[in-house]
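Hi everyone, thanks for making time this morning.

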Amino acid sequence: MYEDNLKAMESSTVNWTEFELTMQSGNCDEWDTGKWPGHMRPPTRDINAAAQPTRLISPDTLLRKRRGNSYEMATLLASMLIGAGHPAMVVSGVARESTVRNEQHNVPYPYPIEEVESVETKEEQEEVSVKYKLRPLPDLESHLEENLAEVHRQRAEEHNRMEQELLRRQMAEMELLAVDRYHYRRSHAWVVIINNAPWSIKPKITYTDVNGDVVEAPPSGIFIEPSTGFICETNCKQYILVDSIWNEYNYYVNKQTYQRVADLRWDLRDLNDWEHMLPGEPPEMRIYNVGSDENIAEEEQDVNDEKHLDCICYWVNRLHIGLADYEQRFPRSEKKVQYKGAIHERFSPYSQRDGKVMQLTLFKDDNCTEPKVRYEYFKNRVDRMIHLKYDYETDKHEEQFMKGRDDSLQSVEYYSDTTQPRKLYFVASSRLDSLETIDLNPGTTILHYKDRADRCWYREFQFKPNGGVLKKVFERFQQAEENDIGNNDIASRTFMFQQNKIVLKFHYTFGALTATTVEFTKPPKPDYGKELIYDEKLTKIYRANPLDPVRTNLELYKLLLEQLQAEDHIIKQFEKIQDDISNIFDLRRWEKLEPKLKFSLFDPLRNGAAREIRMQQYKEEEEQKQEIARKPADFLAPYLIPYKDQEQLTQEQSMGAYHACLNDLKTRFVVLLNNLQRQYEDLTSEAKSLNRFLNKFENQFDNFDYNRLVQQAKDLELRKRMVQQRLTLTHQESQKKYEWVKASLQKDPRLNLKKEEEKSSDD
């Protein structure tokens with residue numbers, strides 16, 4: 001009945017890491033077709049029939065057909081586990097109707113829900129260690145009533161615990177009763193992994209007994225349901241009876257008397273509990289009774305001496321799941337399972353247009369009629385979105401992105417109604433302005449920063465919702481360090497545009513109960529080219545500590561100039577922030593309408609398409625380079641930018657662009673020739689100085705130094721000849737190029753030089 005063996009599986013391409021992920025995530029059932037949630041279709045026979053299947057197909061055939069009964073699925077799963085080195089066995093027994101039918105309607109959603117982790121801005125509060133503190137007052141109140149209430153509460157808890165225990169026992173006894181006439185006749189197969197099995201290659205589980213000795217724990221079992229991939233202990237209530245178990249070595253029949261599957265003992269060497277079909281197989285299961293004067297000769301014996309029966313050799317091909325089949329996972333590339341109050345949908349990678357790989361919908365009721373929250377998970381998107389959460393009650397969307405976006409966007413919270421508040425989260429470490437969050441409300445925009453050089457961490461813009469005109473800007477700053485000299489240490493700053501005022505509030509100084517404030521009333525703007533006139537009557541100062549130094553008018557004047565510059569900068573920043581927010585939401589709207597997926601260049605399933613894309617891009621770049629090389633340089637284009645809105649230039653404008661282009665070209669050549677001439681003169685002067693030095697001190701050098709200086713003089717002469725040749729060639733080429741540019745400008749149709757050409761021809 002068991003059609004595979006260990007050697008075939010050891011060389012299989014199935015990887016245990018992938019398989020373990022598959023089993024724990026419930027993906028063993030990822031090849032279902034139709035309504036059956038398992039990864040194979042259920043058998044076509046009556047599910048209540050008592051007869052077991054008359055034949056089993058091989059695991060390799062099952063992988064190709066993608067449909068089979070529970071016995072075939074359990075055999076496939078056990079084969080994969082054995083190939084990975086686990087002591088797995090197929091269990092034949094009786095299970096409950098919901099397990100046999102694989103109905104999950106009464107099962108709560110078994111996987112953890114990944115929520116969107118929004119980074120909330122929290123002010124760091126330093127814990128102040130108090131060395132001396134007052135002793136608390138003695139408690140003189142009576143606690144008799146509280147003690148009596150505590151005693152009554154404990155008695156009530158004990159009574160409730162006893163009632164719950166009694167109810168649990170009654171439920172356990174009722175579970176042993178047959179539900180219907182098919183209760184003990186629903187045959188089912190699943191997989192058990194026997195820990196500490198004698199033939200297992202996995203590390204043994206040990207414990208320390210009362211004597212302090214390390215003892216090997218008795219064998220225990222762990223069940224795996226092949227239709228769902230769920231792992232459970234042997235005390236789970238979905239299995240009723242265990243008739244027999246088998247693996248590639250032997251077949252065992254259960255002889256134990258028990259009420260629950262949890263009472264079973266899993267030591268297969270005990271013949272009182274398990275009957276072996278093949279005695280002494282595998283060899284690790286053998287138990288020898290050796291006397292004190294006997295020795296067991298460890299000699300190799302012929303296998304025919306212990307031959308029990310002749311069996312045909314295994315004919316099953318090695319199990320191989322190709323990359324394309326493993327990535328597809330589900331027939332029709334999708335799977336839908338309904339749990340208690342939840343619907344779980346999974347999709348194969350690249351099967352959905354928007355890159356969705358999973359969707360979870362939670363409902364208010366168990367029948368899944370009124371949706372409450374929807375979670376969507378994405379992969380391989382160009383916009384790097386990985387998570388979307390939608391709340392049906394509040395109509396709120398929460399999107400989360402991976403790092404790497406150009407706008408450093410991390411997550412977005414918004415409503416379908418654009419008048420509702422919205423919130424944007426950014427990766428502050430990857431932005432130049434260290435922006436962390438943006439809170440958008442009608443008429444208000446709040447920015448939070450992190451680790452800025454100017455210590456600003458909060459900025460609030462208040463404006464008119466319709467016109468976008470600023471009314472007020474409020475900023476907060478962190479306190480400066482003690483070693484920071486020359487800092488104004490501003491705590492908050494307010495720009496009131498309608499009142500035409502600037503209010504500064506400084507951090508608390510030592511010994512002050514209030515904060516120092518400075519209020520400026522902005523003076524009228526001076527005329528162009530004149531400086532601002534400071535009027536001390538327009539300044540109000542409140543000093544919290546009278547001992548603080550008094551600011552002079554010059555210091556106040558400089559402080560006012562700084563705030564006026566900051567005000568201009570903030571106005572420009574507000575316009576930029578508004579444009580950035582509009583661009584972000586416009587981009588997100590386009591990314592939702594036209595989602596694009598990406599794939600790795602090393603993806604073996606899609607590297608052909610990637611190569612075609614790269615070759616197409618390379619071809620377009622080469623064509624663009626060739627087109628640029630064939631097309632002559634347009635010297636006149638920069639000078640026509642001021643007249644881009646005019647269809648035709650006037651004669652004066654044409655002459656101005658004509659002479660400006662020629663003058664700039666002439667100036668460039670003159671500067672280049674002057675630089676070359678200067679280099680030539682410097683090299684000539686250096687060569688003459690070195691020759692005079694050698695002629696004067698020729699007898700005072702040894703051969704090595706003298707040869708080195710002679711070589712240096714030769715290098716100077718070579719460089720001088722190169723610069724001279726370059727100077728000559730540049731002079732000749734500049735004259736030719738100047739004449740060519742002049743002729744091309746005179747023939748350029750964009751310039752109106754007809755009358756000038758006629759005058760020159762008449763002359």
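Let me start with a question for you: are W190 and F223 buried or exposed? Both W190 and F223 are buried. Please keep in mind that this is a predicted model.

Now, on to the rings. Searching the whole structure turns up 15 aromatic pairs. One of them is W190 with F223: the ring centres are 5.8 Å apart and the planes meet at 75°, so this pair counts as edge-to-face. W190 belongs to strand 2, residues 187-195, while F223 belongs to strand 5, residues 220-224, so the pair ties together parts that are 33 residues apart in sequence.

Next, charges over rings. I have two examples for you. The charged end of R329 sits over the ring of Y326, at 4.9 Å from the ring centre. Likewise, R405 places its charged end over the ring of F401, with 4.8 Å to the centre.

Finally, the cysteines, for those of you who think about disulfides. How many disulfides does the structure hold? The count is 0. Take C232: its nearest cysteine sulfur belongs to C236 and is 3.1 Å away, and a disulfide needs the two sulfur atoms within 2.5 Å, so C232 is in no disulfide. C232 is also buried, with a relative accessible area of 17%. C661 is buried too, at 3% relative accessibility.

Terms used:
Residues are numbered from 1 along each chain as its sequence is written. This is a predicted model: local features need pLDDT of at least 70, side-chain atom pairs count only at pLDDT 80 or more; totals for chains, interfaces and linings use all residues. Side-chain values use heavy atoms; hydrogens and water are left out. Rings of Phe, Tyr and Trp (its six-membered ring) pair if their centres lie within 6.5 Å; planes under 30 degrees apart count as stacked, over 60 as edge-to-face and the rest as tilted. Helices (H or I, at least four residues) and strands (E, at least two) are DSSP runs, numbered from the N terminus. Buried means under 20% relative accessible area, exposed over 50%, partly exposed in between (1.4 Å probe, protein chains only). A charge sits over a ring if NZ of Lys or CZ of Arg is within 6 Å of the ring centre and within 35 degrees of the ring normal.
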